Amino acid sequence: SANNQFSLARTSCGLNGLSVDTELDDIAIQHANYIKYVFANSSPTSFNAHFENEISDIASVTGSNNPFFSGLDLADRLINADYGNSQYGVTENIAQSVYYSSAGNFLSTEAVASSMAKSLLSAPYHLRSLMLPTSGVVGTGMVTYTPSSKNAANNKGYVLVSNAAGTKTTTNKTFEGVFTYPCQDVTGTVTALYNETPNPVRGSGRNLRTDPIGQPVYINMPSADKVKVSNVKFRDVQRNIDVPIQLLDSDNDPYKGTNYALPTNEAFILPLTDALKSCESGSNKGGNCGLYGNSKYKVSFDILVDDKVLEQQSFTFTTGKVNY
């Protein structure tokens, strides 16, 4: 399940796992049903899935006209549900996909939930919220729907909403040293990131849908005020090639000064996979589908801590099958 994927990703890299919170489950399921109702009954042109505000051109299915309305934003939904752990911080991560199958063959909901969870672990801004050391519980809702005006036999939509919260016992948890995800011996990551809101490559001219990047590496050092990552090597072990990278940190942050701004003690390594012929099938065979599938990558970098101490880090992780 998605909950297991998130918990395993955390414990693999040294954070505490997440136990299931049925109250959070209920909040997530209600909001997932709100999103489902919107997409099953309309084709929205502008819709932010984190909010339940009324939208003028689809007013009949949004806001309080939607039978699953439970609050304008996450904070309202938590208050309306009288959720006990709100004071310790709650995150909300949402994934949505639509699949078409001419033969009407669809993956099981469980398989799609697992794949959506892995995709969230490759999306920088979602990944960092899934890796908060202070989180202790999780609740997830997964629903399916037939997209508005589409044939149910060949089209299926999926919505995953996952909420994680701190608890009294985890609220002061931290991580000693340099945290990364992926980390040593993580296996089965996605190969490519095709979209995220907010867009991690904003301003670069890159369209992730047609020119994806590979599984990013998240770096966080909770005990430091500031880190500077340099001398990054991202090596394909089997093919003996270096993958070019872009560093995303507080110095070149496209969201500086906004709610999405990266703290000065965090960074992302984004592998730029344009030259990799990683797509194994389909019309784009031999094109860029991110990193190569089922392949080992060695990542190494230097990290300057609070302008004083230079440390070296390195680890190896392995991708799963190519994701399209």
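Predicted model: local features only at pLDDT ≥ 70, side-chain atom pairs only at ≥ 80, totals over all residues.
Residues are numbered from 1 along each chain as its sequence is written, and side-chain values use heavy atoms, with hydrogens and water left out.

User: How many disulfides does a search of the whole structure find?
Analyst: A disulfide is taken as a pair of cysteine sulfur atoms within 2.5 Å. Cys13 and Cys183 are joined with an S to S distance of 2.1 Å, and the sulfur atoms of Cys279 and Cys289 lie 2.0 Å apart. The search of the whole structure gives a total of two.

User: How many residues apart in sequence are the parts that Cys13 and Cys183 tie together?
Analyst: The disulfide joins Cys13 to Cys183. Helices (H or I, at least four residues) and strands (E, at least two) are DSSP runs numbered from the N terminus. Cys13 lies in the loop between helix H1 (2-12) and strand S1 (19-20), and Cys183 in the loop between strand S5 (179-181) and strand S6 (192-193), so the separation in sequence is 170 residues.

User: Is Cys183 buried or exposed?
Analyst: Buried means under 20% relative accessible area, exposed over 50%, and partly exposed in between (1.4 Å probe, protein chains only). The relative accessible area of Cys183 is 10%, so this residue is buried.

User: Is the link of Cys279 and Cys289 left-handed or right-handed?
Analyst: These two cysteines form a disulfide. The angle about their S-S bond is 95 degrees, and the link is right-handed.
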